[in-house]
There are 4 protein chains.
Amino acid sequence: MTTPWTPEDPDFAARVAASFARQGAMAHLGARLIEVEPGACAVALPFRPELAQQDGFFHAGVVTTIADSACGYAAFSLMPAGARVLTVELKINLMSPAVGSLAVARGVVLRAGRTLTVARADVHVEGGREEAPVATMLATLMCLRPRA
Amino acid sequence: MTTPWTPEDPDFAARVAASFARQGAMAHLGARLIEVEPGACAVALPFRPELAQQDGFFHAGVVTTIADSACGYAAFSLMPAGARVLTVELKINLMSPAVGSLAVARGVVLRAGRTLTVARADVHVEGGREEAPVATMLATLMCLRPRA
Amino acid sequence: MTTPWTPEDPDFAARVAASFARQGAMAHLGARLIEVEPGACAVALPFRPELAQQDGFFHAGVVTTIADSACGYAAFSLMPAGARVLTVELKINLMSPAVGSLAVARGVVLRAGRTLTVARADVHVEGGREEAPVATMLATLMCLRPRA
Amino acid sequence: MTTPWTPEDPDFAARVAASFARQGAMAHLGARLIEVEPGACAVALPFRPELAQQDGFFHAGVVTTIADSACGYAAFSLMPAGARVLTVELKINLMSPAVGSLAVARGVVLRAGRTLTVARADVHVEGGREEAPVATMLATLMCLRPRA
């Protein structure tokens, strides 16, 4: 994945990986960070019954959670060292049932501002019925900069 | 909680509880269904580190997951026996850091149609800094009716 | 309408009215500011064919426009003198066809931060088929503060 | 613009143009349909002061209105003859001030179902400061089929 962004922090990949590793929720779901580029990030999640909704698909909330992480870390990769990232809001269309053995959320930054970043994520399910994304998200992220 | 809705299925509460119990994701998070009324539903989730984002708050995805369940089961309570509910899309504003010992999502139906239902959920955190909701969601749910 | 907010600028109502009057788009639609309180605002719009979609209802974009203004000015009422307001993002569920002689959007602030404000608006149509709101919006607004 | 979709109605382009022409709101804004392909649509809107917000940019509601039309007609192009299209919900991120002489919204269908269609639109402003889109929308559209 090549991206149009130049990161402010050359150590962005290590910084993203360290933050991801601190997210108890990602470990609890079993999600892994599989790709980090400037302004882009991919998160993978193997299916297991603990992630299902009542009909045995990935739960909408779980799909949303990995898409949120993909957007958040895509944004975080462009933020300066010492900054924190918060999700201000997100919206997601769950276009098809998320049936399959592995869900992958890929987030990309659409607009990086000093305070606010807008990112999009698509979620694909491997081992499922179709190649099209099962969900698409738009999210607004906020950069909390370190005190000068 | 009294609501303006009359359920089509008098056994709605048992039907909601049975469906909730089948959601692997709710058990895995530790979420409990604490209230079901016609067109309304509350889901509670005690904090633990497995639910945190990188700064130790409830993860945005986790907050979104219980709000989605609260909206989904508020909608499902008004659907006929044998129907299934799917989240079509959702959007959430995460207004304050979700810091506290217990998160409670309360969902209510705003509009119940034959095919589409619109619901809202507010999420409060107990033991936290403020009484205002930390997040508010709007969601669109779809009713998949049993074949006649 | 009583609200829980204390405005930073005691002249908020005049400031909101002056800004609304500068919006060419509001005049072009025929929208009027009918109420301003701290953290709340109502905008009314009489129906005319120039505001319709292809089936003769209020166009979804027109409904969204007055809801956006109601959210924006609810937020702006709490901002300091000299500040500007921008809509960062919005989402709206159009729950019923907006059929009627007058649409009224009422916006209220849910969370007022130094930089970001979250507001909700409901849109009712008078002279229509039902009393329930035809649409509900969540919006995120940004405060651009005057340079010190 | 080539698209992956095969229209059910070979006369889709004429059907879209006729519906667009019936939208009083599009004429009132001065918007023109400039492109229709299967599952895709572009709407252009020249700037004039009647479309402005208080600082002289395109009003967020106006940007949203043309993006909604672009999504709606992208969806409508794939619907059968005799069907009607309704916007169920939409969400938009307004990423930069919409400053320029012409706004163009391009909508594409992401998922076309029997009842629900999901579309995305990007809005660019020509004669403005930047080439990146100023806004991006996700929308859910509903197909009301003719009675058999």
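A residue counts as buried here when its relative accessible area is under 20%, as exposed when that area is over 50%, and as partly exposed in between (1.4 Å probe, protein chains only). By that rule Thr65(B) is buried, at 2%. This is a predicted model, so local features need pLDDT of at least 70 and side-chain atom pairs count only at pLDDT 80 or more, while totals for chains, interfaces and linings use all residues. Residues are numbered from 1 along each chain as its sequence is written, chains are lettered from A and ligands numbered from 1 in the order in which they are written, and side-chain values use heavy atoms, with hydrogens and water left out.

Thr65(B) sits in helix 3 (residues 60–76) of chain B. Setting aside residues up to four places away in sequence, Thr65(B) touches (heavy atoms within 4.5 Å) His59(A), Gly61(A), Val62(A) and Thr65(A), plus Met26(B) and Leu29(B). A polar atom of the Thr65(B) side chain lies 3.1 Å from the backbone oxygen of Gly61(A).

Now for chain A and chain D. Buried area is the accessible area (1.4 Å probe) that two parts lose on being put together, summed over both.

| Chain A and chain D | Value |
|---|---|
| Buried area | about 1,200 Å² |
| Share of the buried area on carbon and sulfur atoms | 55% |
| Residues from chain A in the contact | 14 residues |
| Residues from chain D in the contact | 15 residues |

Between chain A and chain D there are 0 salt bridges (a side-chain nitrogen of Lys or Arg within 4 Å of a carboxyl oxygen of Asp or Glu). On the side of chain A that touches chain D, strand 3 (84–94), strand 4 (102–112), strand 5 (116–126) and strand 6 (135–144) each give two or more residues.

Technical notes: Helices (H or I, at least four residues) and strands (E, at least two) are DSSP runs, numbered from the N terminus. A polar contact is a pair of N or O atoms within 3.5 Å; within protein, one must be able to donate a hydrogen and the other to accept it, and residues adjacent in sequence count only if both atoms are side-chain atoms.
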